[in-house]
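Please look over the model shown below before reading on.

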Amino acid sequence: MAEEEPKSRSVEHPADPVVEEVVPDAPAISSGIDSVADPESIAIEEAVERPEPMATIRLEKKHPLAIRWMHWVNFPVLFTMIWSGLLIYWNDSDNAYQHPHAVYRVGVGSVTLVRFFPPWFWKAINAPYRVTEGLGYHFFFMWLFAINGLLYVSYLLWSGEWRLMVPDRKSITEAIQVTLVDLHLRKGLPAQKKYNGAQKIAYTLVVLMGAGSLATGLAIYKPTQVHWVTTLLGGYEMARWEHFLLTMGFCGFFVVHVGQVVLAGWNNFRAMVSGYEIKRVDAALIEPSIEAERRTL
Amino acid sequence: MTDEETVAALDEQVKRASGKRTRRSFLAAVVAAAGGYGFYRWIDRSPGDQMIPRPLRKGLNVDEAMTRGVFGERGMTPTYPVARAEELRVNGVYGLKQELIPESWRLQLVGVAGAKQLPQYVDDVTAWEYRYAAKKDEKDSGNHDTKVAPQGEASDTGVKMSPAFEAAFAELKKTQGKKRPRGQEEAGESNDTLDAGTPGLLLKMEDVTRFPRQELVTQFKCIEGWSQIVHWGGVRLADLLAAYPPEKRADGSLPKYVYMETPDGDYYCGYDLKACMHAQSLLVTEMMGRPLGQWHGAPLRLHMPIKYGYKQIKRIGLIAYTDMRPDDYWTKLGYDWYAGL
């Protein structure tokens with residue numbers, strides 16, 4: 001790890017080693033991958049013209065403070081929503097009472113393939129007879145989830161960060177390439193800015209899923225007052241199923257997301273906390289690959 | 001210093017700057033995480049307010065205030081073709097465990113304006129004696145499912161309660177012997193049950209059914225998560241309340257709440273007067289085209305599609321106007337009082 005250093009703070013740094021990354025709303029970003037070439041060539045020219053030695057690494061701003069806060073606030077809040085949701089859901093899946101729930105199942109017609117969840121699961125998460133607690137938490141933390149989500153989307157729009165996140169036409173191809181690299185079926189990642197195509201698709205989708213959870217949640221919460229929302233979503237039971245499916249989607253996202261963070265390594269994870277990433281100065285010259293990502297400390 | 005050493009020193013500076021930032025931000029992260037956990041602990045350890053931590057109860061009340069502010073009680077529940085209706089499942093038999101003799105049923109109405117001038121007036125509505133069919137020998141059929149109608153005669157079947165409650169309840173029953181006090185279920189006796197000597201009206205069924213007959217096909221929604229489309233028949237609660245309006249308070253305003261109870265006082269619900277005046281709030285005498293069965297609350301139950309099922313009280317024995325927010329069976333056990341859909 002990079003920063004295990006003697007704590008000699010008396011040393012005055014001759015120059016600020018922190019290099020601010022291009023501001024997100026600067027037009028260069030929006031032009032996407034093509035613009036990567038420019039800073040490269042400048043770097044090469046400088047290296048040729050100035051013979052003095054340069055640091056091989058630099059600090060680069062990656063995630064703005066607001067995004068880091070909202071990302072981490074969302075984690076326990078969404079966790080609480082899912083946990084309290086399960087406490088509520090137990091009440092309708094108590095197979096001991098011969099009325100297994102009709103909504104949360106996978107099946108065709110009258111044939112049920114899977115019913116969520118088996119009794120051992122409920123026992124393991126200590127869900128039985130805690131429905132009122134679940135309702136209390138769910139209808140408390142829903143505000144935190146909604147407010148945090150709205151702030152997040154507003155910030156993306158206001159700061160222009162959305163341009164780095166919303167997928168474009170190339171994203172699907174890129175996402176396939178990235179997936180192939182992850183599966184060791186291909187070498188060499190496609191060039192990227194802040195996020196690769198797979199990330200763009202996943203992160204945008206998960207924000208939309210959050211919005212979906214709010215919409216389906218509202219349709220279940222006030223099916224009379226906003227019956228038009230409930231009807232649009234296919235009715236009350238359908239909205240419940242959609243709400244549940246989205247929750248499963250969050251769980252799936254979580255597994256892949258955490259797996260990818262582990263693979264991407266410390267430097268990447270640290271950036272989500274501190275905001276900065278250590279980059280090789282010549283990073284742009286190296287063919288992008290998972291190995292190169294890891295080498296950047 | 002060679003070039004290589006200079007480069008190493010420069011790299012070192014970058015790493016040191018990174019380390020400083022990292023330490024600072026991780027410290028902030030730890031403090032924030034501790035704060036978040038503390039917040040959870042504060043909620044979780046707060047003293048209870050009707051069976052849930054006080055902050056959660058406050059939260060439910062804030063939700064209620066916001067719902068009222070945004071929607072009021074204006075929304076109308078969608079209705080469906082009769083063909084989509086199905087038999088409603090029996091889910092909880094509180095207040096129904098003894099079989100009521102239909103002829104002995106009266107509707108106690110308390111707080112009505114000018115009640116004394118009406119022929120149904122009595123000095124003490126609580127003196128009315130509801131009669132119940134004699135119990136047959138109690139045999140435990142082994143069926144403890146409250147989600148289906150108990151088999152045979154009314155028997156005290158098990159209820160869907162925590163095992164700890166079941167044990168305590170069995171103990172209580174043993175000690176009570178033959179006496180049957182009011183509020184013999186988990187939530188206990190209502191705080192709003194009438195004191196002896198409360199004057200009011202005693203209505204017969206024909207006093208209720210004289211209002212225009214209504215039919216509704218709506219979805220019944222249980223807070224447990226299931227829902228069923230049911231065909232209801234009866235009269236509008238609003239029609240009854242309009243015919244027997246509440247007595248005005250000293251300042252000329254109307255009481256804000258309505259309280260209802262089963263004849264044995266075991267189950268009880270509180271409502272806003274406004275919710276009771278909703279056009280779809282129905283006093284039900286028929287379900288699925290047939291007279292209401294015992295286990296669905298014969299002879300009179302409530303269907304209020306703007307509320308969850310636990311507010312749709314079966315076998316109504318008392319309707320009272322009141323100024324204070326009335327006690328509510330499931331609210332006492334941790335559920336939301338408002339329960340608005």
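Predicted model: local features only at pLDDT ≥ 70, side-chain atom pairs only at ≥ 80, totals over all residues.

## The second largest pocket

A pocket, in the sense used here, is an open set of grid points with protein on both sides within 12 Å along at least five of seven lines.

The largest share, 12 residues, is that of H1(B). When the lining residues are sorted by class, 25 are nonpolar, 5 are polar and 4 are charged.

## Where chain A meets chain B

At the interface, 59 residues of chain A are in contact with 66 residues of chain B, and the area buried between the two chains comes to about 5,500 Å², with 63% of that area given by carbon and sulfur atoms.

On the side of chain A that touches chain B, at least two residues come from each of several elements, including strand E2 (57-61), helix H8 (197-221), helix H10 (236-264) and strand E5 (276-280). H5(A) supplies the largest share of that side, 12 residues. By class, the side of chain A that touches chain B consists of 36 nonpolar, 12 polar and 11 charged residues.

## Enclosed space

Rolling a probe the size of a water molecule over the atoms shows where empty space is left. In this structure there are 2 cavities of 30 Å³ or more, and the largest cavity has a volume of about 110 Å³. Its lining is made of 14 residues, and nearest its centre lie Phe139(A), Leu60(B), Ile223(B), Tyr308(B) and Asp336(B).

H5(A) gives the most to the lining of the largest cavity, namely 3 residues. The lining residues of this cavity divide into 9 nonpolar, 3 polar and 2 charged.

## Charged pairs

Side chains of opposite charge can pair when their charged atoms come close. Over all chains, the structure holds 19 salt bridges. One salt bridge joins the side chains of Arg68(B) and Glu64(B), with 2.3 Å from N to O. Because Arg68(B) and Glu64(B) are 4 residues apart in helix H2 (residues 54-71) of chain B, about one helical turn separates them.

Conventions:
Residues numbered from 1 in each chain as written. Chains lettered and ligands numbered in written order. Heavy atoms only, no water. Nonpolar A, V, L, I, M, F, W, Y, C, P; charged D, E, K, R; others polar. Contact = heavy atoms within 4.5 Å. Buried area = accessible area lost by both parts, 1.4 Å probe. Salt bridge = Lys/Arg side-chain N within 4 Å of Asp/Glu carboxyl O. 1 Å grid on protein atoms, 1.4 Å probe; cavity = no way out; pocket = protein on both sides within 12 Å on 5 of 7 lines; lining within 4 Å. Points joined across faces, edges and corners; volume = space filled by probe spheres on them.
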